[in-house]
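Welcome! Have a look at the sequence and the 3D structure here, and then let us walk through a few places in it together.

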Amino acid sequence: MKDERKAAWRRRYEAALRRRSDLAAVAGFALIAFLVPQAVPLAAIASLVVVAFALIDRRSRPRAAAGPVTVQGPLWGEGAAGPVLEAMTDPVLIVDRALFIRFCNRAAVQTFGTVAPGEPVTLRFRTPEVAMLAREVFADSIPCETIHREGRLEERVWSLSISPIREDRPGTTRYALFTFRDRTAEHQAARMRSDFVANASHELRTPLASLIGFIETLEGPARDDREARTRFLSIMRDQAGRMSRLIDDLLSLSRIETRPRLGPGDEADLVAVLSTVRALMEPLAAEAGVELELDTDGHDSFLVEGDGDELVRVFVNLVENACRYAASGKRVIIDLSAVGENEAEAEVRDFGPGIASRHLPRLTERFYRVAEGDPKARDGTGLGLSIVRNILIRHGTRLRIESVEGKGSTFSVRFRRKTDMESA
């Protein structure tokens, strides 16, 4: 009721302002006619135009906007259906034939913010299709459904159902029920699947096209060229290896996403995991000219709930990226430090060129690469950090990325210690 009184007061205030502006215009034209007799015909015509537009504006405004909007009957508001509509978690509106909002539940106000009884529904939902479907519902008394999208930076997708409210006595439909259901997650999932198929096809098509081209060359012009054959076979081996890595990563990602969450008996020792990672990655670090350091902060062991093999894969991936893309820093540190009594943070820190801040939010997206033109980036599948993210989600934690251009990057993960009681 308070919102209705505010809306009514605002409408009366706006009407008073319009009347005063019309009177001021007519008075101004009369003053001009008094001071300049030659301008009497022009002033009279202008005054008539102002009065005509004022009358047209008044007649074109729906009667529902002339006073406070109230909902009549027992269908909602203080009636039996009012508490039911208020309890709904989906945004709900009731709109009359003039397309003015007669009722909005709490979920609608929380979701859309500016919705208020007494205002035109077209003022808040400016999609022409919404008004068109609403008029069809009032004309035919047949429910309609459409997709409503809004938001620029972060699009939200709603399934909007417009249903006529049946009344006891026959006749035209006076009110319609607008029900919004959030379909954003479903549309994002569909888009992700579509993007995934497109990206995977592109990533496979490139090396496959190279293989086909080299095979055709070896069968044709380079049939007897031993030097060209040796060079082409080496490139073909690299391209075949790239496809094999891509398929392996896709299968790994699929397996991780379909696995259930960890069981209560799964545990891993972070010290052992990081020691294994260092032993595995030392040859690659030496080849890249990088000194690989391990600092466990004096811990002999640190048990966490997790899968040891999966955690080894997480940190192998992070160290491999550091050696590949940040070799210019000459050092990569694998660090384990306590955070309070029951938590520890494991991080991989490099001192290379760093990553621009605009890339950080997207690093764990599938197939996303910071430098597409870099030959090192072309060797990767673009799935490594996505696999890392999904493994950590399964472990109930997440990857934090901090980077300063010219100084290096830090990839850290926080784990909770598994206590003796949990182990038992």
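## Before we start

Please keep in mind that this is a predicted model.

## Two helices that pack together

Two packed helices are described by the angle between their axes and the distance between the axes. Here the partners are helix α10, made of residues 308–325, and helix α12, made of residues 384–394. Their angle is about 145°, and the axes lie 10 Å apart. The crossing of α10 and α12 is left-handed.

Which residues make this contact? From α10 come Glu310, Arg313, Val314, Asn317, Leu318 and Asn321. They meet Gly384, Leu385, Ile387, Val388, Ile391, Leu392 and Arg394 of α12.

## A closer look at α12

Helix α12 is largely enclosed by the rest of the structure, because 9 of its 11 residues are buried. The buried residues in α12 are Gly384, Leu385, Ser386, Ile387, Val388, Asn390, Ile391, Leu392 and Arg394. If you follow the chain just past α12, you come to Gly396, which takes a positive phi of about 75°.

## Salt bridges

Side chains of opposite charge can pair when their charged atoms come close. How many salt bridges does the structure hold? There are 13. One of them joins Arg102 to Asp96, with 2.9 Å between the closest N and O atoms. Arg102 and Asp96 are both buried.

Another salt bridge brings together the side chains of Asp182 and Arg156, at 2.8 Å from N to O. This pair links distant parts of the chain, 26 residues apart: Asp182 sits in strand β5 (residues 175–182) and Arg156 in strand β4 (residues 156–164). Asp182 has a relative accessibility of 37%, so it counts as partly exposed. Arg156 is partly exposed too, with a relative accessible area of 31%.

## Another pair and a network

Glu347 and Arg349 also meet through their side chains in a salt bridge, at 2.3 Å from N to O. Elsewhere, a network of salt bridges links Glu345, Arg400 and Arg414.

Now to Ser161, which you will find in strand β4. Its relative accessible area is 14%, so Ser161 is buried. Leaving aside residues up to four places away in sequence, Ser161 touches Cys144, Glu145, Leu177, Phe178, Thr179 and Arg181.

The other stop is Glu402, in strand β11 (residues 399–404). Is Glu402 buried or partly exposed? With a relative accessibility of 48%, Glu402 counts as partly exposed. Again leaving aside residues up to four places away in sequence, Glu402 touches Gly408, Ser409 and Thr410. Along the chain, Glu402 and Ile355 are 47 residues apart, and their C-alpha atoms are separated by 8.7 Å.

How values were computed
Residues numbered from 1 in each chain as written. Predicted model: local features only at pLDDT ≥ 70, side-chain atom pairs only at ≥ 80, totals over all residues. Heavy atoms only, no water. Axes fitted to C-alpha atoms, helices over the stretch in contact; angles between N-to-C directions. Helix = DSSP H or I, 4+ residues; strand = E, 2+ residues; numbered from the N terminus. Left-handed = near helix turned anticlockwise from the far one by under 90°. Contact = heavy atoms within 4.5 Å. Salt bridge = Lys/Arg side-chain N within 4 Å of Asp/Glu carboxyl O. Buried < 20%, exposed > 50% of the residue type's maximum accessible area, 1.4 Å probe, protein only.
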